[in-house]
Amino acid sequence: MQIELKYVECPHCKKWHAHNELLSYNTLGRPVCWSDGKCSRDETLEYESMPYSKCTKCENFFWFEDCRKITDYEIREHINPPKKEFVEKQLVTEFLKENLEDYQENKLDLNYPPVNWSWRSFTENLIEDFNEILESVDRLSIDKEVYIRITLWQHINDFIRHSRGRLIPILKINSKESKQNRKRYDQYEKIRLENLKRLSDLLTNVKGETYEGSEITLIEIERELGNFENAKSLIENIDPIDEHKHKVFIKKSLKLIAKRSTKIFRL
Ligand SMILES: [Zn+2]
């Protein structure tokens, strides 16, 4: 994993934060992939490459692409400039004027997801944050909204995916379970359905390279929503190239549509 240390400025309150940007990584072996598009990867890796963060000062969410940023290398060059070819960079000067002490004492750490989240409540905390981001959906671009909604969908599905693992199988609840679990189940089920309906509308209308393969995502969404006829007609109208590329997915989807099943599956 290759990481570059950068400093990013919160676009809301101008506080600077440290941020490790993931440049490249190696994956070992073939990942396990699921019908909702999630593939098993090192989870640390997934959370290292999130495109947004939450400011520790003003508590607003922000996207790295909207930030002013400088690299640690640029700052070190300023503090200890080489004799020749040194160009003073205005943004670094500005940064150092306000943050020199905090920078030298390593007090500009930004960790998102926050390090104090326990693994037990990690997914719940993330889902809460996704919902908070979606509350101000009018300020999000379509790309960002799609990203958050797909990530939200996959994280709610994690409760099923990992139900034998460390997460509580809340979506496999039965009458013996406590009232509190029932309440949480109802809450997530409501979020899940609203999210998938909105995602279906969004993906039906988007075009372009970023959304290549979105037909496959739409088939899965419609099936998970229980709209089996829609899912079937999407499969019937799929581009032959996509059909060939995703033949395992399509074969398994058709089987589940016939059984009227909304379950996620491994590819
Ligand atoms: Zn801020």
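Helix H5 passes helix H6 in a left-handed crossing. Left-handed here means that the near helix is turned anticlockwise from the far one by less than a right angle; clockwise would be right-handed. Helices are DSSP runs of H or I with at least four residues, strands are E runs of at least two, and both are numbered from the N terminus.

Two packed helices are described by the angle between their axes and the distance between the axes. H5 covers residues 142-161, and its angle with H6 is about 140 degrees, with the axes 10 Å apart. Axes are lines fitted to C-alpha atoms, for helices over the stretch in contact, and angles run from 0 to 180 degrees between N-to-C directions. H5 and H6 are therefore oblique to each other. The classes go like this: under 35 degrees is roughly parallel, over 145 roughly antiparallel, 65 to 115 roughly perpendicular, and the rest oblique.

Who makes the contact? From H5, the residues include Ile142, Val146, Ile150, Trp153 and Ile156. From H6, they include Tyr188, Ile191, Asn195, Leu199 and Leu202. Contact means that two C-beta atoms, placed from the backbone, lie within 7 Å.

A word on what we are looking at. This is a predicted model, where local features need pLDDT of at least 70, side-chain atom pairs count only at pLDDT 80 or more, and totals for chains, interfaces and linings use all residues. Residues are numbered from 1 along each chain as its sequence is written. pLDDT is the predictor's confidence in each residue, from 0 to 100. The chain's mean is 86, and 88% of its residues reach 70 or more. Over residues 165-169, pLDDT stays under 50, and the model has seven contacts there beyond four places in sequence. Where pLDDT is low, the predicted coordinates should not be read in detail.

Now the overview. The chain holds ten helices and five strands. Of its 267 residues, 17% are buried. Buried means 20 or more other C-beta atoms within 10 Å of the residue's own, exposed means 12 or fewer, and partly exposed is in between; these C-beta atoms are placed from the backbone. Take the contacts between residues at least 6 apart in sequence: 54% of them join residues at least 24 apart.

Next, helix H7. Why is H7 described as largely enclosed by the rest of the structure? Eight of its eleven residues, in the stretch 214-224, are buried. Among them are Ile216, Leu218, Ile219 and Ile221. After H7 comes Gly226, with a positive phi near 85 degrees.

On to the sheet. It is open, with three strands in the order E2-E1-E5 and antiparallel pairing. Strands E2 (16-24) and E5 (69-71) are the edges, each pairing on one side only. Neighbouring strands are turned by 35 degrees against each other on average, direction ignored. Two strands pair if DSSP finds at least two bridges between them.

How many bridges join E1 to E2? Eight, with E1 spanning residues 2-9. Leu5 has Asn20 as its bridge partner in E2, and Glu4 has Glu21. Three bridges join E1 to E5, again antiparallel. Lys6 stands opposite Thr71 in E5.

Helices sit on this sheet. Helix H3 (residues 90-104) lies across E1, E2 and E5, at about 90 degrees to E5.

Last, some single residues. Most residues other than glycine have a negative phi, and most peptide bonds are trans. Lys14 is not a glycine, yet its phi is positive, about 75 degrees. Lys14 falls in the E1-E2 hairpin, which has six residues between the strands. Is Lys14 buried or partly exposed? Partly exposed, because it has 13 C-beta neighbours inside 10 Å.

Arg260 is another residue with positive phi, near 55 degrees. Arg260 sits in the segment after H10. With 9 other C-beta atoms within 10 Å, Arg260 is exposed.

Then Phe64, in the loop between strand E4 (61-63) and E5. Phe64 is partly exposed, with 14 other C-beta atoms within 10 Å. Beyond neighbours within four places in sequence, Phe64 contacts Val8, His19, Pro51, Tyr52 and Ser53. Cys10 is 54 residues away along the chain, but the two C-alpha atoms are separated by 8.7 Å.
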